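Okay, thanks everyone, let's get going.

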Amino acid sequence: MAVSAESLSPPMFSPMEWFDPLLAQWRQGPLASWATQLQPLLSAKLVQQPHGDWARWQQAWQSLPQVAAQVDASQDTLLVHADQPLTPAQQQQAREALWGLRPWRKGPFQILDTFIDTEWRSDWKWQRVAPHIADLTGRKVLDVGCGSGYHCWRMWGAGAAEVIGIDPSLLFLLQFQAVKHYAPTAPVHLLPVRMEDVPPQLEYFDTTFSMGVLYHRRDPLEHIQQLLGTLVPGGELVLETLVVEGDENTLLMPEDRYAMMRNVWFLPSVPMLLRWLRRLGVADARVVDVTATRCEEQRSTEWMPFQSLADFLDPEDASKTIEGYPAPLRATFCIRKR
Ligand SMILES: C[S@@+](CC[C@H](N)C(=O)[O-])C[C@H]1O[C@@H](n2cnc3c(N)ncnc32)[C@H](O)[C@@H]1O
């Protein structure tokens, strides 16, 4: 039988295909105006002005084996397990595709036969947060700054009816899609947009998470207000951020970098952050966890071979960052919207 040249070339793929069904669904309901705004935004980001590495990442993603598989989000390692054993060639193909999406920061994942030991043990954060939040069963959830979407999958595994993650990083989008490839109908979505691109006063979600984002915001109070605007009345905001020890008058603004991170603005004490919340009219806020980040939780691995927390601390005194600030301490707040 003759085979046309066209049928030998790789299938044409447009990344908008990831979003078209969701946007079509949203156009029929309360998120219609957001869907209208997203269409040109996503198209500009993914089709018209792709990132320099986009073609390479997309090629890696497209070379994932086409096999039937299930996603299990009930365990610390996010599992994608194939219905049938993979051939050695398929195993190699999957590993090479996932390797092409390095660095992997948030996880861990087991995708088919490949275990991805990510820089962060994001499961540890989830263990600290999950016991304290309102039951996610049947809830609509937003995860702002969701990274690779590891926690989005865990939220779905905890019973959420719909999970929307937003994160501007296109590499994280491809890493998310490496899992979504095997669970295309799961109501879990990652949109490569910023919090600033979410319409104000959406009042749609039952739970909104902002974990590891507040200190990157130049106006953290505005960020909290925007987050509260995404929630229905009575909804829950789960806010996790870097803090410093101290009283209600303590706030650290680093001169430049903090633990080698650029773009870090404000690290309040827990009482200071509670004061911010009171000033914003929040009456119901609980501090549910305060934990120092250990080098076992954030470290270099073969999947993230660059510098990590151990390199960002003072080699003589691990209670300080390399710049001399207090070492990373993270707090989680559960906040109920009136
Ligand atoms: C420290 S990571 C936290 C990831 C994850 N939430 C966690 O807790 O492990 C911060 C994430 O926020 C994203 N981010 C930064 N600015 C953002 C913004 N304006 N809107 C949404 N996400 C943002 C970054 O791309 C990054 O993935």
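So, a question to start: at which residues does UniProt place the feature "binding site"? Keep in mind while you look that this is a predicted model. The UniProt record, an unreviewed entry, puts that feature at Lys106, Trp120, Lys125, Gly145, Asp167, Pro168, Ser169, Met195, Glu196, Met211, Tyr215 and Arg330. They're spread over 225 residues of sequence, and they're spread in space too, up to 25.9 Å between C-alpha atoms. Now look at the largest pocket: its lining includes Lys106, Trp120, Lys125, Gly145, Asp167, Pro168, Met195, Glu196, Met211, Tyr215 and Arg330 from that set.

And where's the ligand? In that largest pocket. There are 16 residues around the ligand, and the ones that come nearest are Lys125, Gly145, Asp167, Met195 and Met211. If you sort the shell by class, you get six nonpolar, four polar and six charged residues.

Let's zoom in on a few of those. Lys125 uses its side chain: a polar atom there is 2.6 Å from an oxygen atom of the ligand. Gly145 comes in with its backbone, where a polar atom is 2.7 Å from a ligand nitrogen. Met211 also brings a backbone N or O atom, 2.8 Å from a nitrogen atom of the ligand. How much of the ligand does the protein cover? On its own the ligand has 600 Å² of accessible area, and the protein covers 86% of that.

What about Met195? You'll find Met195 in the loop between strand E9 (188–191) and strand E10 (205–211).

As background, most residues other than glycine have a negative phi, and most peptide bonds are trans. Here, though, Arg102 and Pro103 are joined by a cis peptide bond, with omega about 0 degrees. Pro103 is in the loop from helix H5 (88–99) to strand E3 (106–107). Then there's another cis bond, from Gly107 to Pro108, and its omega is near 15 degrees. Pro108 sits in the loop between E3 and strand E4 (109–111).

And which way does phi go at Ala259, positive or negative? Ala259 isn't a glycine, yet its phi is positive, about 50 degrees. To find Ala259 on screen, go to the loop between strand E12 (251–252) and strand E13 (267–268).

That's it from me, thanks!

Definitions and conventions: Residues are numbered from 1 along each chain as its sequence is written. This is a predicted model: local features need pLDDT of at least 70, side-chain atom pairs count only at pLDDT 80 or more; totals for chains, interfaces and linings use all residues. Side-chain values use heavy atoms; hydrogens and water are left out. A residue is near a molecule or strand if one of its heavy atoms lies within 4 Å of it. A polar contact is a pair of N or O atoms within 3.5 Å; within protein, one must be able to donate a hydrogen and the other to accept it, and residues adjacent in sequence count only if both atoms are side-chain atoms. Accessible areas come from the Shrake-Rupley method with a 1.4 Å probe; for residues, only the protein chains shown count as cover. On a 1 Å grid over the protein atoms alone, a cavity is a set of points where a 1.4 Å probe fits but cannot get out, and a pocket is an open set with protein on both sides within 12 Å along at least five of seven lines; lining residues have an atom within 4 Å of a point. A molecule sits in a cavity or pocket if more than half of its atoms lie within 2 Å of its grid points. Ala, Val, Leu, Ile, Met, Phe, Trp, Tyr, Cys and Pro count as nonpolar, Asp, Glu, Lys and Arg as charged, and the others, Gly among them, as polar. UniProt positions are given in the numbering used here, feature names are shortened, and annotations may be inferred rather than shown by experiment. Helices (H or I, at least four residues) and strands (E, at least two) are DSSP runs, numbered from the N terminus.
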